[in-house]
Amino acid sequence: MGADQLLQYLLSGVTTGSVYAIVGIGFNIIYSSTGIINFAQGEFLMLGGMISVSLSHSMPLAAAIAIAVIVTGLVGVLLQLAFISWLKNPAVLRMIIITIGLSILVREASLHIWDEKVRALPFWSGNETSSLAVLGARISPQVLWVLGVSALMVGALTLFFRHTLTGRAMRACASNATAARLCGIRTSSLVTLSFFIAAAMGALAGCAVSPLTQTQYDMGTSLAVKGFTCAVLGGLGNVTAAVAAGLLVGVLEAASISVLPLAYKDVVALAIMLAILFFRPEGLFGSRAASE
Amino acid sequence: MKRYAPVLLLAAVVVAVQLLLGAVKSEFLLTQLTMSAYYTLVALGLCLLMGYAGQVSLGHAGFFAIGGYTTAVLSTAAAAAFSFAPWLSLPAAVAATAVVAFVIGVPVLRLRGHYLAMATLAFGFIVSRVILGTALFGQADGISDVPGIRLFAGLVLTGKRNLRVQNYYIAWTLVTVGLLFAVNLIGSRVGRALRAIHGNEEAAAAMGIDVGRYKLAVFVLSAVYAGVGGACLVHFNAGIGPGEAGVMKSVRYVALVAAGGMGSPGGTVAVSAVLTFLSLRGAFGLYDDAVFGALLVGIMLFAPDGLFGLVPALRGRR
Amino acid sequence: MSGALLEVQGLHHWFGGLHVINDVSFACRPGIVKGIIGPNGAGKTTLFNIVAGAFAPFSGWITFDGRGLTGLPPHQVAACGISRTFQATRLFPRMTVLENVMVGMHARARHGFLAGLAGPLFTRREEARVREACRNVLDLLGIGDLAGRGAGDLPFGRQRVVELARALAAQPKLLLLDEPACGLNPRETEEMSALISSIRARGATVLVVEHDMSLVMGICDEVLVLSSGRRIAEGTPREIQANAEVVSVYLGADDA
């Protein structure tokens with residue numbers, strides 16, 4: 001395999017990988033504040049793309065994206081408040097089944113609001129033919145947008161968790177909800193906030209990647225599965241590890257087309273997930289206790 | 001024995017429905033009723049797994065597809081290349097399903113909670129993608145022109161109009177027998193062991209129950225139910241498509257079992273028969289998937305015990 | 001040591017860096033009630049769980065009735081003829097009392113999946129035998145009238161007795177009791193002591209971990225004392241009570 005082909009795979013893998021990472025981070029945020037695996041995570045990317053595409057016809061792109069992000073964030077909040085918040089101590093399994101059901105409902109609602117046609121947001125800069133030269137490979141400038149937006153979100157999130165009071169409160173809540181409550185932290189509001197953040201982040205990533213991979217009403221499911229793979233690979237609950245995991249999964253998936261038929265590309269992430277679950281459920285960076 | 005009431009009731013209803021439809025000249029409905037039977041078999045097997053062994057499978061459509069595609073390939077491509085008695089493709093399909101279930105069951109059943117759920121989901125996805133990507137399985141077009149199979153005593157497993165009544169009874173007899181087996185199993189030492197595992201795995205082990213082996217056995221059994229359903233439906237429909245392995249189908253089966261009450265095979269059969277039939281008739285129109293999604297969410301939120309029974313695993317404990 | 005039903009030799013176990021079982025050896029003759037006592041953190045529950053097969057010891061070995069027991073998983077330990085109860089009762093809440101006890105007899109019955117699927121034609125006789133044996137056990141423990149009740153609905157004291165019945169159903173050679181008096185009031189504790197004595201009278205061997213001294217001193221033939229993972233004394237209750245080291249371990253050594 002030539003060096004530029006390798007580079008091509010790397011760049012393509014890093015691009016999709018960063019999207020997977022964002023989904024994985026979304027899983028981690030909600031998991032660490034509630035212990036729930038929110039299967040609807042993938043739908044947030046879809047909603048971000050769909051809403052922004054619809055709005056982009058009547059307003060500047062930046063405004064469309066901003067509104068889409070906020071609306072999707074609110075959808076996340078709505079889901080949490082309407083379907084999750086009032087359950088008392090639900091079993092883990094019940095919750096994941098509920099979120100799967102919710103993801104189906106969001107999907108189907110989206111199918112009826114828009115339709116099954118594929119849509120794409122306009123390129124944020126340039127158009128579909130522009131390309132930049134990076135280290136000998138040619139890539140679309142949108143790739144830089146995706147990477148940039150993802151990096152920005154991860155950076156902002158890290159700062160938020162480490163240096164703001166609310167962020168630290170969320171970490172406390174994730175670590176020990178009862179103790180947090182005893183310290184006067186309002187855990188229920190933080191849970192709602194975590195859903196907002198996860199949904200909004202997903203939406204922004206969905207908008208960034210829409211020009212490249214298009215947006216379709218049913219893209220959420222496979223994104224959710226791959227995002228979960230990243231979350232587990234990095235260690236469930238470990239936000240920063242999900243980034244590395246996402247990039248790894250993306251690159252492996254991209255590289256796989258050199259050995260597997262293209263149709264099996266999706267199987268790569270699934271196989272990684274099964275391998276991690278079977279052999280090292282705490283992920284590459286997690287501790288045994290966390291996976292119990 | 002009052003535990004056999006559901007079995008007898010089912011047999012009675014099956015016969016009554018056929019006679020009624022014959023009387024009102026609506027025998028065309030038998031086709032969808034027959035199809036419902038085969039989908040109900042999957043739900044029935046899943047009921048044993050979820051309701052009694054307390055495990056979950058979000059990929060059971062995968063086993064349905066394995067059963068179906070195996071017999072489809074053997075009856076078309078393989079039959080053209082080799083010669084063997086056509087009816088052999090049915091046990092081959094069931095065997096293939098059992099083997100796959102055994103092989104993936106060993107590692108998968110060591111997982112718990114959402115890891116188990118996601119692993120089974122991944123399994124279903126993998127089956128689905130492999131089917132879509134492989135020429136032998138017809139990729140997106142599936143396999144068609146699958147011939148019927150001549151069974152014993154002049155019975156033929158096929159979708160031909162003139163043999164409709166016969167096939168309706170073949171299908172529902174399979175379901176009735178499946179229900180009979182389920183009821184028997186539940187009332188036996190094995191059934192108690194499964195319920196013990198569901199109640200408290202550690203205590204069950206201390207009583208001498210080999211938890212791992214039992215879980216695997218029920219997993220394989222539930223997969224076999226699905227494989228039988230898939231294999232038979234293929235010959236009835238004369239074909240199969242990749243949608244049968246999809247996540248939406250798997251979720252549908254879970255919804256049916258949840259609604260029927262995971263501890264109630266009779267309830268599962270009833271709910272599954274009715275809802276699947278309505279779905280096949282197009283009663284839910286464009287909202288088909290949404291209906292099952294809503295059913296699942298609704299049941300899980302408000303009645304995790306299902307409409308008919310009990311399900312401790314979904315109550316508030318980890 | 002011949003004649004011993006259960007033999008434990010040189011057992012060591014660590015949890016993380018903590019040496020929780022430190023060179024523990026003892027034997028248990030058939031037909032007696034042997035108590036294991038010690039202050040909190042002595043390692044009694046760990047020792048108990050190792051014998052019951054919950055996990056394998058770091059080193060050392062256990063023999064039961066001539067067979068090696070070390071490292072066997074719980075269901076195989078049960079198949080050898082050892083039954084156990086749990087400190088926090090672990091009945092199967094959605095099953096009736098009788099069904100709970102019938103599960104206790106799991107290792108003594110045989111029919112498997114195929115017979116189970118095929119139905120009563122093949123299983124009727126064995127099921128009837130199991131059912132009758134279990135009813136007898138319930139009667140023996142004085143709770144025959146509770147057979148049809150849901151196990152989860154019973155008051156705590158009754159649940160403990162059901163758990164005992166479940167452990168007895170398998171007619172074990174060795175019965176492991178994990179703090180049977182835990183959570184019982186004095187009257188219930190006395191009843192439990194009487195039950196355990198009657199179990200011994202029927203020829204069973206009992207190994208009991210316990211904090212309640214009245215039960216231990218009242219019915220145990222022998223007592224093993226652990227402290228900080230070490231075996232510090234073994235003998236009759238009288239001897240143990242007179243042992244200075246035992247007393248100091250419970251009451252604190254005199255610093256003077």
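Visitor: Which residues of helix H11 of chain A are buried?
Guide: Happy to start there, keeping in mind that this is a predicted model. The helix in question runs over residues 265–279 of chain A. Its buried residues are A:Asp266, A:Val267, A:Val268, A:Ala269, A:Leu270, A:Ile272, A:Met273, A:Leu274, A:Ile276 and A:Leu277.

Visitor: What covers the buried residues of H11(A)?
Guide: Part of the cover comes from chain A itself, with helix H9 (219–234) and helix H10 (239–256) included. Chain B also takes part, and the element of chain B to name here is H5.

Visitor: What distance does H11(A) reach from its first C-alpha to its last?
Guide: Helix H11 of chain A has 15 residues, and 21 Å is expected at 1.5 Å a residue.

Visitor: Which chains have the most contacts between them?
Guide: Two pairs of chains touch. Of the pairs that touch, the one with the most contacts is chains A and B.

Visitor: Which helix gives the largest share of the side of chain B that touches chain A?
Guide: Good one to follow up, as this contact takes 36 residues from chain B and 32 residues from chain A. On the chain B side, helix H5 (113–133), helix H10 (247–260) and helix H12 (288–302) each supply at least two residues. By class, that side has 26 nonpolar, five polar and five charged residues. The largest share, 14 residues, comes from H5(B).

Visitor: And which helix gives the most to the side of chain B that touches chain C?
Guide: Here 24 residues of chain B meet 27 residues of chain C. Helix H6 (164–186), helix H7 (189–199) and helix H8 (201–206) of chain B each supply at least two residues of that side. Its classes are 13 nonpolar, six polar and five charged residues. With eight residues, the one that gives the most is H7(B).

Visitor: How are H3(C) and H5(C) oriented to each other?
Guide: Helix H3 (residues 97–104) and helix H5 (residues 120–140) of chain C have axes that come within 9 Å and cross at roughly 110 degrees. The crossing is right-handed. Angles of 65 to 115 degrees count as roughly perpendicular, so H3(C) and H5(C) are roughly perpendicular.

Visitor: How many charged residues does the contact of H3(C) with H5(C) have?
Guide: From H3(C) come C:Leu98, C:Val101 and C:Met102, which meet C:Val130, C:Arg131, C:Cys134, C:Val137 and C:Leu138 in H5(C). By class there are seven nonpolar and no polar residues, and the charged count is one.

Methods. Residues numbered from 1 in each chain as written. Chains lettered and ligands numbered in written order. Predicted model: local features only at pLDDT ≥ 70, side-chain atom pairs only at ≥ 80, totals over all residues. Axes fitted to C-alpha atoms, helices over the stretch in contact; angles between N-to-C directions. Helix = DSSP H or I, 4+ residues; strand = E, 2+ residues; numbered from the N terminus. Parallel < 35°, antiparallel > 145°, perpendicular 65-115°, else oblique. Left-handed = near helix turned anticlockwise from the far one by under 90°. Contact = placed C-beta atoms within 7 Å. Nonpolar A, V, L, I, M, F, W, Y, C, P; charged D, E, K, R; others polar. Expected span 1.5 Å × (residues − 1). Buried ≥ 20, exposed ≤ 12 C-beta atoms within 10 Å, placed from the backbone.
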